[in-house]
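Work through these exercises with the coordinates open. Each task is followed by a stepwise solution.

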Amino acid sequence: MGERLTKGDVEKIEREIEERKLVLRPKLIEAVKEARAQGDLSENFEYYAAKREKNQNESRIGYLERMLKFATIVTDNAKEGEVALNTTVEVYIPEDDEKETYRIVTSIRGNSLKGLISIDSPLGKALLHHKAGDKVEVKAGGGSYEVEILSVSEADSEENDTIRAF
């Protein structure tokens, strides 16, 4: 099974592939040619660096194309006021006496350090389709803890989220 992606994820990946193929690839090919023209390849570090960068670009293109090929497009049919994809949720964690704010995203955008919680994470799974005022149990690492949902709102935009690299 492939990644679960939103239509926005797919569009962003397609834009990155196009940029890498049409803009970056020709520049990298030219850099390899220029470095090769400098002479003896056995001691030409610029050539090997340019070749490595070109290969990394090609690997990233292949990775993104495979991701799209096997992806499942997800939409969330949650009711208004429920935690769903691309909603922002504020939770209270009684165990730590802390309030946290997260945005629910697909797994390729997940980044807990930036407050982006994947729908496939234990917390994301527990919060989905619940409303403000609900208390949910999060099962993680052989144990569990409780969180209370304080508020649920639509997220501003997913435009600044990055697609994680391989």
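**Exercise 1. Strand pairing**

How many bridges join E3 to strand E4, and do they run parallel or antiparallel?

Solution. The model is a predicted one. Start with E4, residues 98–105: 6 bridges join E3 to this strand. The two run antiparallel. Now turn to strand E7, residues 143–154. E3 is joined to E7 by 6 bridges, again antiparallel. Here Tyr-92 has Glu-148 of E7 as its bridge partner.

**Exercise 2. Two faces of a strand**

Sort the residues of E3 (87–93) into a covered and an uncovered face.

Solution. Then assign the faces. Thr-87, Val-89, Val-91 and Ile-93 make up the covered face of E3. Thr-88, Glu-90 and Tyr-92 make up the uncovered one.

**Exercise 3. Positive phi**

Where do Asp-97 and His-129 lie, and what is the phi of each?

Solution. Recall the background: most residues other than glycine have a negative phi. Asp-97 has a positive phi near 50°. Asp-97 lies in the loop between E3 and E4. That hairpin has 4 residues between its strands. With a relative accessible area of 57%, Asp-97 is exposed, since the cut-off for exposed is over 50%. Next, His-129. Its phi is positive too, about 65°. His-129 sits in the loop between helix H3 (122–127) and strand E6 (135–140). Its relative accessibility is 41%, so His-129 counts as partly exposed.

**Exercise 4. An aromatic pair**

Classify the ring pair of Tyr-47 and Tyr-48: stacked, tilted or edge-to-face?

Solution. The count comes to 1 aromatic pair. In this pair, Tyr-47 and Tyr-48 have ring centres 5.3 Å apart and planes at 75°. Planes over 60 degrees apart count as edge-to-face, so the pair is edge-to-face. Finally, compare accessibility. Tyr-47, at 9%, counts as buried. Tyr-48, at 44%, is partly exposed.

Technical notes:
Residues are numbered from 1 along each chain as its sequence is written. This is a predicted model: local features need pLDDT of at least 70, side-chain atom pairs count only at pLDDT 80 or more; totals for chains, interfaces and linings use all residues. Side-chain values use heavy atoms; hydrogens and water are left out. Rings of Phe, Tyr and Trp (its six-membered ring) pair if their centres lie within 6.5 Å; planes under 30 degrees apart count as stacked, over 60 as edge-to-face and the rest as tilted. Buried means under 20% relative accessible area, exposed over 50%, partly exposed in between (1.4 Å probe, protein chains only). Two strands pair if DSSP finds at least two bridges between them.
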